[in-house]
Amino acid sequence: MANKFTNMFQSATKIIESLTDNSQMPLHVGETMACWTYLAFVGGIVTYEQVGLNTVTDPKLQEMIQEALKIAKSHKKQLSDFMRNEGVTLPTLPEDKPMSESSSIPLGAKLTEDEIINTLLINFVTAADMCAASASQSLRTDVGLMFVKFQMDKLSLGYQARDLMQKKGWLKIPPYYHPPGAPN
């Protein structure tokens with residue numbers, strides 16, 4: 001599914017870029033803040049995903065977190081490079097966590113796999129929302145497209161996480177709504 005999103009996005013990007021190129025305009029304050037805020041957020045996500053890799057034992061969840069970490073690190077690098085080129089000060093980001101064995105973490109100090117994937121899903125949703133808002137408020141096409149790409153990446157991860165959570169029984173579903181008087 002991730003490849004379908006990527007291919008769709010790349011095709012749309014080429015069309016949009018061919019129609020307009022205003023990347024020589026300076027960033028406005030909102031674009032700068034969006035870049036700074038998302039980079040700070042992604043820095044925290046990278047740390048959480050590294051901790052998650054050190055904690056989980058389920059092979060499918062490890063694979064999911066590795067994919068999420070790869071994408072978060074690519075967003076972090078792309079955005080850091082972009083901001084440096086634009087002269088925008090980078091936020092202070094957490095240091096990378098070293099790899100460790102899940103079995104060496106005491107039970108009271110580590111999160112369950114259910115807790116980790118549910119928090120990751122919340123991070124994917126929050127990131128996608130942040131990216132949508134940033135893209136819609138960007139005047140520069142390159143900035144808007146960068147955030148749309150980030151949003152597509154996070155949405156794809158969210159769908160993958162949801163599917164894994166359903167298979168493993170980790171998905172938290174609110175109660176179903178049955179309106180009064182509706183047939184059963």
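**Salt bridges up close**

Reply: The count comes to 8 salt bridges. Keep in mind that this is a predicted model. Here are some of the pairs.

Start in helix 3, which covers residues 59-86. Asp-81 and Arg-84 both sit there, 3 residues apart. That spacing is about one turn of the helix. Their side chains meet in a salt bridge, with N to O at 3.4 Å. How open is each partner? Asp-81 has 31% relative accessibility, so it counts as partly exposed. Arg-84 has a relative accessible area of 51%, so it is exposed; the cut-off for exposed is over 50%. This pair also belongs to a network. Lys-77, Asp-81 and Arg-84 are linked by salt bridges.

Now move to Glu-86. Its partner is Arg-140, and the closest N and O atoms are 3.0 Å apart. Glu-86 lies in helix 3, while Arg-140 lies in the loop between helix 4 (113-137) and helix 5 (141-168), so the pair ties together parts that are 54 residues apart in sequence.

Next comes helix 5. Lys-149 and Asp-153 are 4 residues apart in this helix, so about one helical turn separates them. Their side chains form a salt bridge, 2.8 Å from N to O. Lys-149 is partly exposed, with a relative accessible area of 27%. Asp-153 is at 13% relative accessibility, so it counts as buried; the cut-off for buried is under 20%.

The largest pocket has a volume of about 230 Å³. Which elements give two or more residues to its lining? They are helix 3 and helix 5. The largest share comes from helix 5, with 5 residues. The lining includes Lys-60, Glu-63, Met-64 and Glu-67. Also among the lining residues are Gln-160, Asp-163, Leu-164, Lys-167 and Lys-168. Sort the lining by class, and there are 6 charged, 2 nonpolar and 1 polar residues.

Helix 5 holds Lys-149 and Asp-153, and helix 5 gives the lining its largest share.

Key: Residues are numbered from 1 along each chain as its sequence is written. This is a predicted model: local features need pLDDT of at least 70, side-chain atom pairs count only at pLDDT 80 or more; totals for chains, interfaces and linings use all residues. Side-chain values use heavy atoms; hydrogens and water are left out. A salt bridge is a side-chain nitrogen of Lys or Arg within 4 Å of a carboxyl oxygen of Asp or Glu. Buried means under 20% relative accessible area, exposed over 50%, partly exposed in between (1.4 Å probe, protein chains only). On a 1 Å grid over the protein atoms alone, a cavity is a set of points where a 1.4 Å probe fits but cannot get out, and a pocket is an open set with protein on both sides within 12 Å along at least five of seven lines; lining residues have an atom within 4 Å of a point. Grid points are joined across faces, edges and corners, and a volume is the space filled by probe spheres set on the points. Ala, Val, Leu, Ile, Met, Phe, Trp, Tyr, Cys and Pro count as nonpolar, Asp, Glu, Lys and Arg as charged, and the others, Gly among them, as polar.
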